[in-house]
Amino acid sequence: MTQNSAATSPVTLLGLGAMGTALARAWLAAGHPLTVWNRTPARAEALAAEGAKAADSAAAAVAASGLVVVCLLDDDSVGAALDGVDLTGKDLVNLTTTTPARARARAAWAEERGARYLDGGIMAVPPMIGVPEAGGYVFYSGSRELFELHRAALAVPVGTRYVGEDAGFAALHDVALLSAMYGMFAGVAHAFALIRREDIDPVAFAPLLVDWLAAMARGAHGTAAQLRSGDYTENVVSNLAMQVAGTPTFLATAEQQGVSPELLQPYFALMRRRLEVGSGEEDLTGVVDLLLADR
């Protein structure tokens, strides 16, 4: 396949929720012949009016293209949609949110049925699809050869980042980043709760919070370097002992403000445990090892 033909290669898309519909419109806008299928056929009507071919079954949709992209609710939905469908010779790209273990199992399932497989983790929301400046992208893992073959088509809706031959790595990267996001959201919620009953404008407070979090996020580079070297005392600015000593102030402030400490207490407990088994001169990196201790 030449680069030029890859740019307009046929694509089949299974799943027309908000994300699937956004992906479909991006491929249509770029001139890709597009076949779509959705369990609820009415969702395909608008796309058919825009130039897509609406298949009456998943099997018919799969038969229409060599590249088959799946964007459904969950892994069970993928299995149900493709049950009994002939996948021989197909290139199956699964953008359905899943776990690393289920991605690996789905890769083996696809290969047993004669298909090549890529798993994807979408790091974007529907309004970011087809908007390069929005910065969204998809993690891909599985066959590097397959990724390179379809890279041009896959890059049409949103950026691409290949993260390894292990089919579970895209889901793992996806969940790892989103887990960090929810941890950040927890901190944001606690910060706003602390000021909620005071004469402090949350809109005026927000830029301070955003700038602070952005500055602190750069500390992840230091954590990564310490994890690689194994030296948790390397380039420490605020050591573990000092930070543990400061935690009662945060808990007392929460109590005085009438705010539950439930979002802070688990992390503070891990910090204290690490101080008991590690060195007070360490950074906070040892908490990572505590999270793995029972594995």
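User: Helices (H or I, at least four residues) and strands (E, at least two) are DSSP runs, numbered from the N terminus. How many helices and strands are there in the protein?

Analyst: This is a predicted model, in which local features need pLDDT of at least 70 and side-chain atom pairs count only at pLDDT 80 or more, while totals for chains, interfaces and linings use all residues. Residues are numbered from 1 along each chain as its sequence is written, and side-chain values use heavy atoms, with hydrogens and water left out. The C-alpha atoms fill a box of roughly 65 × 45 × 35 Å along the principal axes. The protein has 13 helices and 8 strands.

User: Which residues of H6 are buried, and what covers them?

Analyst: Buried means under 20% relative accessible area, exposed over 50%, and partly exposed in between (1.4 Å probe, protein chains only). In H6 the buried residues are Pro100, Ala103, Arg106, Ala107, Trp109 and Ala110. Their cover includes helix H5 (75–81), strand S5 (91–94), strand S6 (116–123) and H8.

User: What lies over the face of Trp109, and what lies over the face of Tyr137?

Analyst: A charge sits over a ring if NZ of Lys or CZ of Arg is within 6 Å of the ring centre and within 35 degrees of the ring normal. At 4.5 Å from the ring centre of Trp109 is Arg106. At 3.9 Å from the ring centre of Tyr137 is Arg161.

User: How many aromatic pairs are found, and what kind of pair do Tyr182 and Phe185 make?

Analyst: Rings of Phe, Tyr and Trp (its six-membered ring) pair if their centres lie within 6.5 Å; planes under 30 degrees apart count as stacked, over 60 as edge-to-face and the rest as tilted. The search of the whole structure gives 6 aromatic pairs. For Tyr182 and Phe185 the ring centres are 6.0 Å apart and the planes stand at 85 degrees, so the pair is edge-to-face.

User: Where do Tyr182 and Phe185 lie?

Analyst: Tyr182 counts as exposed at 57% relative accessibility, while Phe185 is partly exposed at 40%. They are 3 residues apart, about one turn of the helix, and both belong to helix H8 (residues 169–195).

User: What kind of pair do Phe192 and Phe205 make, and which helices hold them?

Analyst: The ring centres of Phe192 and Phe205 are 5.8 Å apart and the planes are at 70 degrees, so the pair is edge-to-face. The two residues are 13 apart and link distant parts of the chain, with Phe192 in helix H8 and Phe205 in helix H9 (residues 202–217).

User: What is the volume of the largest cavity, and which residues line it?

Analyst: On a 1 Å grid over the protein atoms alone, a cavity is a set of points where a 1.4 Å probe fits but cannot get out, and a pocket is an open set with protein on both sides within 12 Å along at least five of seven lines; lining residues have an atom within 4 Å of a point. Grid points are joined across faces, edges and corners, and a volume is the space filled by probe spheres set on the points. The search finds 1 cavity of 30 Å³ or more, and H2 and strand S7 (137–142) each supply at least two lining residues of the largest cavity. The largest cavity has a volume of about 40 Å³, and its lining is Leu23, Trp27, Val69, Val93, Leu95, Val138, Tyr140, Leu154, Pro157 and Val158.

User: Which elements give two or more residues to the lining of the second largest pocket?

Analyst: The second largest pocket has a volume of about 360 Å³. It is lined by 17 residues, of which Asn38, Arg39, Leu72, Leu73 and Ser77 are the closest to its centre. The elements that give two or more lining residues are helix H2 (18–29) and H5.

User: Is Thr12 buried or exposed?

Analyst: Thr12 is placed in strand S1 (residues 11–14). Leaving aside neighbours within four places in sequence, Thr12 is in contact (heavy atoms within 4.5 Å) with Thr35, Ala61, Val62, Ala64, Ser65, Leu67, Val68 and Val69. With a relative accessible area of 0%, Thr12 is buried.
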